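Hi,

Here is the structure I promised to pass on.

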Amino acid sequence: MTRPSCASCNRPMKRNGTTGAGRTRWRCPSPGCGVSRTVKHQHDRDDLRLFLDWLFSKHTQHEMGLHARSFQRSTQRFWDLWPPVPLVDEMHHVVHLDGIHLHRDAEVLIAVAGGHVIGWYVARRETSAGWMNLMARIAPPDTVVCDGGGGLLKALRIAWPDTRVQRCLFHVCMNITELTGLRPRLAAGKRLRKLAVELSRVKTQENATAWLIAYNQWEQDFHSFLDEQSTYADGSIEDTHQRLVKARCMIRKRIKEQHLFTFLDESLTANGAIPATNNRLESCNARLRDMMRRHRGLRLIRRIKAICWWCHQHSQHPQPTAWLAANCISDQQIESLYQQAWQSSPQGAWETYGIPNRYGTGINWNEFHTPTRYPNHTD
């Protein structure tokens with residue numbers, strides 16, 4: 001074991017017998033100092049490091065230098081911990097936003113900037129409320145690169161109103177291809193598929209202008225074709241080429257939002273290049289999926305915590321394992337906080353202590369759903 005240093009003179013200490021409990025006593029040999037102390041072994045720090053090394057590797061528990069049962073006993077308590085989410089007050093030039101889907105009831109929203117994870121949030125699904133909770137701990141950046149789904153744009157308008165948005169061109173291309181197919185048979189579908197491929201190759205402002213002109217020409221050439229309608233036996237009338245019409249509406253909306261070619265804006269690129277795709281965050285998602293695949297069989301809560309541990313360890317300034325083992329919040333603490341919040345609520349105080357609700361804490365359904373007019377003119 002590495003010899004400890006003296007807290008007074010910072011010199012290496014020497015062994016000086018043992019205590020009554022059998023622990024090694026260390027003493028400073030410097031003249032006039034003579035400080036004596038004992039050292040407590042950091043088993044939690046070492047066990048947490050072993051747990052994280054296994055979680056981020058391809059090894060099985062038996063290959064970590066311990067028997068599988070011994071490894072499970074040493075690291076079992078770390079499944080109850082939640083790593084802290086950083087508070088980012090630094091203004092970044094570009095932030096990538098995306099979510100990784102785990103289950104029908106779980107979604108982890110992740111923010112990446114400068115090659116590091118700067119925030120994450122666990123939600124049931126990609127809603128604007130979940131995205132706003134993630135953005136609340138991050139300073140508004142200059143530009144956001146995203147796929148634009150699941151309430152993200154609404155959250156951006158509310159939380160970061162001055163931030164410019166760049167839609168991932170690869171996602172837009174794939175959305176168009178999903179409607180046209182890889183090998184469309186109609187002439188309109190073939191040309192639209194070609195435009196989708198050319199969109200992913202736009203690099204300059206001239207390319208963007210040429211693409212917009214080509215798309216406008218496509219709409220003019222197939223305007224009457226796309227407006228064709230069919231009448232069915234039940235009398236309903238629908239568009240004959242529904243998928244192409246849907247693709248046209250989607251592209252019109254993307255152009256109106258002005259989120260396709262933000263990466264070519266000279267006022268933004270003066271501070272640094274802006275990527276046109278969300279590949280940086282998609283690579284993180286691919287690594288997370290590989291981790292889930294290597295440790296398949298974990299229940300949902302452990303998969304969520306595994307992703308949170310990965311995000312924390314890949315942040316710009318992760319906390320040391322000794323600090324994490326001592327200060328991470330646990331499931332028991334979270335349960336206690338929820339219990340206190342419930343007991344402080346009116347309904348919880350009534351069910352726990354029998355304290356009646358105060359007047360005015362709720363609205364009676366019958367007050368607004370009666371056959372007669374309410375006397376205080378609330379309607």
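What volume does the second largest pocket have? About 300 Å³. A pocket here is an open set of points on a 1 Å grid over the protein atoms alone where a 1.4 Å probe fits, with protein on both sides within 12 Å along at least five of seven lines, and lining residues have an atom within 4 Å of a point. Volume is the space filled by probe spheres set on the points, which are joined across faces, edges and corners.

Before the rest, two housekeeping notes. This is a predicted model, so local features need pLDDT of at least 70 and side-chain atom pairs count only at pLDDT 80 or more, while totals for chains, interfaces and linings use all residues. Numbering starts from 1 along each chain as its sequence is written, and side-chain values use heavy atoms, with hydrogens and water left out.

Back to that second largest pocket: 17 residues line it, and Pro86, Leu87, Val88, Gln316 and His317 lie nearest its centre. Its lining splits into nine nonpolar, six polar and two charged residues (nonpolar is Ala, Val, Leu, Ile, Met, Phe, Trp, Tyr, Cys and Pro; charged is Asp, Glu, Lys and Arg; the others, Gly among them, are polar).

The largest pocket holds about 450 Å³. Among its 15 lining residues, Trp82, Pro83, Val85, Trp120 and Tyr121 are the closest to its centre. Strand S7 (116-123), helix H3 (128-135) and helix H14 (331-344) each give two or more residues to that lining; helices (H or I, at least four residues) and strands (E, at least two) are DSSP runs numbered from the N terminus. The lining comes out as 13 nonpolar, one polar and one charged.

S7 also turns up in an open, mixed sheet of five strands, ordered S7-S6-S5-S8-S9. S7 and strand S9 (164-167) are its edges, each pairing on one side only (pairing takes at least two DSSP bridges between two strands). Inside the sheet, S5 (residues 94-103) and S6 (residues 106-113) run antiparallel with seven bridges, and Asp98 has Ile110 in S6 as its bridge partner.

Arg15 stands opposite Trp26 in S2. Five residues sit between these strands, and Gly22 takes a positive phi near 90 degrees.

Finally, on helix packing, Ala188, Gly189 and Leu192 in H6 meet Leu244, Ala247 and Ile251 in H9, where contact means heavy atoms within 4.5 Å. That contact has five nonpolar residues, one polar and no charged.

Cheers
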